[in-house]
Amino acid sequence: MTEASGVRAEGGVEKQAAQSPAPFTLAVDAMGGDNAPEIVLAGLEMTAIRHPDIRILLIGDEKVLNASLVNYPKLSGICTVRHAPESIPMEMKPTAALRVRGSSMRVAMEAVASGEARGVVSAGNSGAMLALAKIIVKALPGISRPAMAAVQPSARGDVVMLDLGANIVCDARNLVEFAIMGEAFAQAALSLKAPSIGLLNVGSEELKGDERLKQAAERLRDSVLSDRFHGFVEGHDITAGVTDVVVTDGFTGNVALKTGEGALKLAFGLLRSVFMSSWLTRIGYLLVRPGLRRMKEWIDPSRYNGAVFVGLNGIVVKSHGGADAEGFASAVDVAVDAVENRLNDKIRHRLDQLGMLGQSGESREQE
């Protein structure tokens, strides 16, 4: 993340209020998420303090939003409300969501496609969001499949991981594209000048893995990314922070992400059980509580909320549907960082260097 919103780095640096370098507009789907619109508005009130120079195009039920905005004076000063009569339920299938012409999510995407907004943030239906983004915002020239990328904690600081579920099956070409997008995202979100890249595999040896992984690794070694490409990494290397970027297909990435989340819940649950088991362990808890609290802050899910659908003609950020206000504000921070640090320009530059800019996925497949 940029200095404007506070760097997500080892030790959990707090976000600080600061002005954005140049005014721009973000479109926000106010009706997406489990507790919309109140959580969205509360999160955007924090955004208005952190980024007072940006503008928010707040999209949803105009009557409901205007009635609630009186409770959020900072947000009221930076936002414009646009009416959208419908919202997309979390359980709606993407194909059905595409037919809901007046949804708040669709209207937000259209604002990005028209150039009125530089990015969109929504806590709504993930599948619908990706489907609408592909059709309305569209992929960057040279990108065959947008990917879902997010920042994760590790022992050495923060790590970018993609794909986290947008593409279940991928070929070598897709993985190379993900590496390009992951490098750019790490530069934009983590302020890393030369992020290292690893391909997730069942082993670090060159002979391991299926043919698509071997082909992707060979292409990366022979490209301008060769000095950034670390090689294959294993599952435990993600949390160890062996590389700054971890590239994989959406199936594997999603499983790894949720396995990590489950492991954290298990660890904290076990710690709670241990410390509450006797009066002696309760005393021990009092002694170590400051350190445990600090550790919890480092890996707090709200700090890492906000996955980006990278590879699109605009910034599209997905907040967790159950995020609290702080979590939603973090997702907006991700969008602000991506815009201010020119994420898409970085991707275009790399595609141009690799001779892939404007080249269709089909034509690359024939090479």
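**Notes on the predicted model**

1. Arginine 342 sits in the loop that links H12 to H13 (helices, H or I of at least four residues, and strands, E of at least two, are DSSP runs numbered from the N terminus). Arginine 342 isn't a glycine, yet its phi is positive, about 55°. It counts as exposed, at 51% relative accessibility (buried is under 20% relative accessible area, exposed over 50%, partly exposed in between, with a 1.4 Å probe and protein chains only).

2. A word on where this comes from. This is a predicted model, in which local features need pLDDT of at least 70 and side-chain atom pairs count only at pLDDT 80 or more, while totals for chains, interfaces and linings use all residues. Residues are numbered from 1 along each chain as its sequence is written, and side-chain values use heavy atoms, with hydrogens and water left out.

3. Next, helix H13, residues 343-353: which of its residues are buried? They are Leu343, Asn344, Ile347, Arg350 and Leu351. Looking down the axis of H13, these buried residues fall within an arc of 125°, so they line one face of the helix (the arc is that of the directions from the helix axis to the C-beta atoms). Their cover includes helix H7 (172-190), strand S10 (307-310), strand S11 (315-318) and helix H12 (325-340). After H13 comes glycine 355, with a positive phi near 70°.

4. Leu343 turns up again in the largest nonpolar core, which has 71 residues; Leu58, Leu162, Leu199 and Leu343 have the most contacts inside it. (A nonpolar core is a set of buried Ala, Val, Leu, Ile, Met, Phe, Trp, Tyr and Cys residues joined through side-chain atoms within 4.5 Å.) H7 supplies the largest share of this core, 13 residues. Apart from that core lies another, of 36 residues, including Val112, Ala150, Val159 and Leu200.

5. Valine 176 is part of H7 and is buried, with a relative accessible area of 8%. Leaving out neighbours within four places in sequence, valine 176 is in contact with Ala216, Arg219 and Leu220 (contact means heavy atoms within 4.5 Å). Valine 176 and valine 247 are 71 residues apart in sequence, but their C-alpha atoms are 8.7 Å apart.

6. Now the pairing of helix H5 (residues 104-113) with helix H6 (residues 126-137): their axes come within 9 Å and cross at roughly 35° (axes are lines fitted to C-alpha atoms, for helices over the stretch in contact, with angles from 0 to 180 degrees between N-to-C directions). H5 contributes Met105, Arg106, Met109, Glu110, Val112 and Ala113 to the contact, and H6 contributes Ala128, Met129, Leu132, Ala133, Ile136 and Val137. That divides into ten nonpolar, no polar and two charged residues (Ala, Val, Leu, Ile, Met, Phe, Trp, Tyr, Cys and Pro count as nonpolar, Asp, Glu, Lys and Arg as charged, and the others, Gly among them, as polar).

7. Last, some backbone spots to look at. Most residues other than glycine have a negative phi, and most peptide bonds are trans. Lysine 138 has a positive phi of about 75°; it lies in the loop between H6 and strand S5 (147-154) and is partly exposed at 47%. A cis peptide bond joins alanine 36 to proline 37, with omega about 0°, and proline 37 lies in the loop between strand S1 (25-29) and helix H1 (38-50). The bond from leucine 162 to aspartate 163 is cis, with omega near 0°, and aspartate 163 lies in the loop between strand S6 (157-162) and H7.
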